[in-house]
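Subject: Handing over a structure, with notes on what was found

Dear colleague,

I am passing on a structure for you to look through, and below it you will find my notes. Please keep the sequence and the structure open beside the text as you read.

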Amino acid sequence: MCSRWCDVEIKRKVFTINELSSDHNPVIFDFITNNVLPPILRTLKSTNWTKFQEIIYHNNPGNPQIDDLDLAVQNVTSNVSNAISASTSTKLINTPHLRLPENIRELIRAKNRFRKLWNNTRYPPYKREVNALIRQIRSEIQDHKNRTWKNFLLTLNPEDNSLYNLHRKFSKRHTPFPPLNGPGGMAYSDFEKAEAFKDTL
């Protein structure tokens, strides 16, 4: 919570209302923020399971001799956690959220209500209503995406390079580079590949 709020300067006003007949008066806090709250960072984590298996294979012997069971479990747990951390990459997603109109959000809220009723009662008509709302929501979202895309295309102008930039974005192909099998094992990241090239020279 503090990571999003502690850097925001907040002005506050505190006052009471002396309109009750009792000795207990309500207190009102009026908070005014003079900064825009930072957006929630959205990240996408991807794990390379081939690299994970390679790390586990080299760090965990197949039939180890166990003298201390607790220590062995701790070592295996640590090796698995470290292998996942080393095999997982995090990518920051800068694209904005899909902003849904109020009618679609209301359908989603209705679907959630009927799904909760279905989970609590197992009443078949609730389940049919959930399925019908899911189909309607999918159709409405697809129509909304089509309208948004159409409106975006109408804003393109050949004179300001916006049309050219869009064409370049879609026509540019990303060529994936496979991992290298170097002297120290499989190399996946750019740094590991550079080290593999260095070791072979």
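Helices here are DSSP runs of H or I with at least four residues, and they are numbered from the N terminus. With that in mind, tryptophan 49 and phenylalanine 52 both belong to helix α2, which covers residues 49-59, and they sit three residues apart, about one turn of the helix. Please remember throughout that this is a predicted model, so every value below is computed from that prediction.

Confidence

The average pLDDT of the protein chain is 78, and 75% of the residues reach a score of at least 70. Some stretches call for care: over residues 1-10 the pLDDT stays under 50, and the model gives this stretch 18 contacts beyond four places in sequence. Residues 34-38 also have a pLDDT below 50, with 10 contacts in the model beyond near neighbours in sequence.

Overall layout

The protein chain contains seven helices and six strands, and, read from the N terminus on, its elements follow the order α-β-β-β-α-α-β-α-α-α-β-β-α. Of the 201 residues in the protein chain, 13% are buried. The accessible surface of the chain amounts to about 17200 Å², and carbon and sulfur atoms account for 55% of it. If we take the contacts with a separation of 6 or more, 49% of them are between residues 24 or more positions apart.

Aromatic pairs

How many aromatic pairs does the count come to? The count comes to four aromatic pairs, and I describe two of them here, among them the pair in helix α2 that opened these notes. The ring centres of tryptophan 49 and phenylalanine 52 are 5.4 Å apart and the ring planes stand at 85 degrees, so this pair is edge-to-face, since the angle is over 60 degrees. Phenylalanine 52 has a relative accessibility of 15% and therefore counts as buried, because the cut-off for buried is under 20%.

Phenylalanine 114 and tyrosine 126 make another pair, with ring centres 6.0 Å apart and planes at 55 degrees, so the pair is tilted. This pair links distant parts of the chain, with phenylalanine 114 in helix α4 (residues 102-121) and tyrosine 126 in helix α5, 12 residues apart. Phenylalanine 114 is partly exposed, with a relative accessible area of 26%, and tyrosine 126 is also partly exposed, with a relative accessible area of 24%. Phe114 and Tyr126 belong, together with Tyr123, to one aromatic cluster.

Salt bridges

Why are glutamate 106 and arginine 109 separated by about one helical turn? The reason is that glutamate 106 and arginine 109 are three residues apart in helix α4. Glutamate 106 is also joined to arginine 113, where the side chains meet in a salt bridge of 3.6 Å, N to O.

Is each of these side chains buried or exposed, or something in between? Arginine 109 is partly exposed, with a relative accessible area of 36%, and glutamate 106 is partly exposed with a relative accessible area of 36%. Glutamate 102 is partly exposed at 42%, while arginine 113, with 46% relative accessibility, counts as partly exposed too. Glu102, Arg105, Glu106, Arg109 and Arg113 are linked in a network of salt bridges.

A nonpolar patch

Which residues form a nonpolar patch on the surface? The patch is formed by Trp149, Phe152, Leu153 and Phe170, which together have about 410 Å² of accessible area. Its largest share, three residues, comes from helix α5, which spans residues 124-154. Leucine 153 lies in that helix, α5, and with a relative accessibility of 36% leucine 153 counts as partly exposed.

With best wishes

Note on methods. Residues are numbered from 1 along each chain as its sequence is written. This is a predicted model: local features need pLDDT of at least 70, side-chain atom pairs count only at pLDDT 80 or more; totals for chains, interfaces and linings use all residues. Side-chain values use heavy atoms; hydrogens and water are left out. pLDDT is the predictor's confidence in each residue, from 0 to 100. Contact means heavy atoms within 4.5 Å. Patches are made of residues with over 30% relative accessible area and no salt bridge: like charges are joined within 9 Å, nonpolar side chains (Val, Leu, Ile, Met, Phe, Trp, Tyr) within 5 Å. Accessible areas come from the Shrake-Rupley method with a 1.4 Å probe; for residues, only the protein chains shown count as cover. A salt bridge is a side-chain nitrogen of Lys or Arg within 4 Å of a carboxyl oxygen of Asp or Glu. Helices (H or I, at least four residues) and strands (E, at least two) are DSSP runs, numbered from the N terminus. Buried means under 20% relative accessible area, exposed over 50%, partly exposed in between (1.4 Å probe, protein chains only). Rings of Phe, Tyr and Trp (its six-membered ring) pair if their centres lie within 6.5 Å; planes under 30 degrees apart count as stacked, over 60 as edge-to-face and the rest as tilted.
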